[in-house]
Amino acid sequence: MTGAASLVRSLGALCAIALVAGCATSTGRYVNPPLAKVDLHAGYRIETRPVANLADTVVVLAFSGGGTRAAAFAYGVLEELRRTPVTIAGKPARMLDQVDIVTGVSGGSFTALAYGLYGDRLFDIFEKDFLKHNVQGDLVARFLNPYYWPALATGTWGRSEMASSLYDELLFHGATFADLEKRPGPMVMATATDISTGSRLAFTQGEFDLICSDLDTMPLSRAAAASSAVPLALSPVTINNYGGRCGYRYPVWVASVTDPTNRSRPAGRALQRYNEMRSFEDSANRPFIHLVDGGLSDNLGVRAVLEALEELEASPRFRSSTGLRNVKRIVVFVVNSLSVPDTDWDTHERPPNDLQILLKATGVPIDRYSYEAVELLKDIIFRWKEIRALRATGAFAGANSRSLERAVDVPDIDLYAVDVSIAADENLAEREYLNNLPTSFVLPDEAVDRLREAAGRIVRTSPEFTRLLRDLDAERGAH
């Protein structure tokens, strides 16, 4: 389950007090500025990233939600990739330097954004400043401090604004997306959920083009606060919507998925994303967008990857008009810190209490949705592999088979899905221990260290990761 579940418990009594001070409302003091005209060569967008990674390989890290547990687990993956050597163009390198995109949701967004901002310096500061800091205790202390109550009473500064200011003090130190834009390295996409529609919104200029807003001055702490704004515990983060006023143009794949005569297959997820994009453009009826925990729409951070794969399959024009036309492989590390703590509910006649039911009822759909997303990724990998094998054997030869070949057209790209999840840990004792860690913004130091160690161990023993390193070695020379 995403977000700080135990924070909900900690704040339950406090909200009764804070409601008097206007705790339940938030419109946000920071106002994101409008964008006069879309410029595809400006802003924090993937097209402008100064990366120098593998030309034919796209590496994606997807960090799930789950509070400090997720942040520490994701950090362990970065540590393992940092100490994994590879050979690029005959020169020694690190696997970490080959990462192109990092997505982060809820707790995972802190690790993603901090790595994008600090690069290797993260390994000197993150453990002390965030992972082993009692963030949850600081949040509760601020909620109890009367100093903040007048601001809460204004109705323009909610609990997430308070959390954002804390995250800035602890980790981000005033950094904005303009600062992130200046940094080399992977594209980082922290994601939140539009509570009105259930759509996701990533903090990238490409997505903010939809709402005609300039992302440059947005604090990174505010993006982290939005991505981890657990309902009930934290207030929504509100942003202004100026959509429809800046000359936004839809990407090339839209024509392939919206026109039935051009579609080779029903690109359902891409079509749904197009409908969500239209909704964001409607600023006349939606002048404000209220964002909550990104885990409600995508707790693994892989929906954008799945949609991109579908767009690759459905739109040859999308392939030819992007850098993906030269890509030979796409690697996705699905870093899933999902835990399912043991309960004794079924040993008692009396059912769980209302709060336990509420937390479980929120978590179960998220967990099931996450499972389906991983299985869908695996299905795409299997289908592409099988179709390419048929193509290689000449199964589509002959005029009568041309329409079939077009109907099952897939790009000539190898897909790798590296499952980095607690459930994939072969150490049963550690898996049981990690599986019972709470979703909160504070963990014992020992738990943080064991999460990091487990993440590294799971990456090292992953069959897909072993296959990737073997394939890279075979192509570029063994390291």
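**Exercise 1. In which helix is lysine 128 found, and is its side chain's residue buried or exposed?**

Solution. The structure is a predicted model, in which local features need pLDDT of at least 70 and side-chain atom pairs count only at pLDDT 80 or more, while totals for chains, interfaces and linings use all residues. Residues are numbered from 1 along each chain as its sequence is written, and side-chain values use heavy atoms, with hydrogens and water left out. Begin with the location: lysine 128 lies in helix 4, residues 122–131, where helices are DSSP runs of H or I with at least four residues, strands are runs of E with at least two, and both are numbered from the N terminus. Then turn to the surface: the relative accessible area of lysine 128 is 62%, so the residue is exposed, given that buried means under 20%, exposed over 50% and partly exposed in between, with a 1.4 Å probe and protein chains only. Finally, lysine 128 and leucine 170 are 42 residues apart in sequence, and their C-alpha atoms are 9.9 Å apart in space.

**Exercise 2. Determine whether serine 164 is buried or exposed, and find which residues it touches.**

Solution. Serine 164 belongs to helix 7, residues 159–172. With a relative accessible area of 9%, serine 164 is buried. Leaving aside residues up to four places away in sequence, serine 164 touches Ser221, Arg222 and Ala225, contact meaning heavy atoms within 4.5 Å. Ser221, Arg222 and Ala225 are among the buried residues of helix 10, and this helix, residues 220–227, is mostly covered, with 8 of its 8 residues buried.

**Exercise 3. Describe how helix 18 and helix 19 pack, and which residues meet.**

Solution. Two packed helices are described by the angle between their axes and the distance between the axes. Helix 18 (residues 428–435) and helix 19 (residues 445–460) pack at an angle of about 130°, with axes 11 Å apart; the axes are lines fitted to C-alpha atoms over the stretch in contact, and angles run from 0 to 180 degrees between N-to-C directions. The two helices are therefore oblique to each other, since angles under 35 degrees count as roughly parallel, over 145 as roughly antiparallel, 65 to 115 as roughly perpendicular and the rest as oblique. From helix 18, Glu430, Tyr433 and Leu434 meet residues of helix 19 that include Arg450, Leu451 and Arg457.
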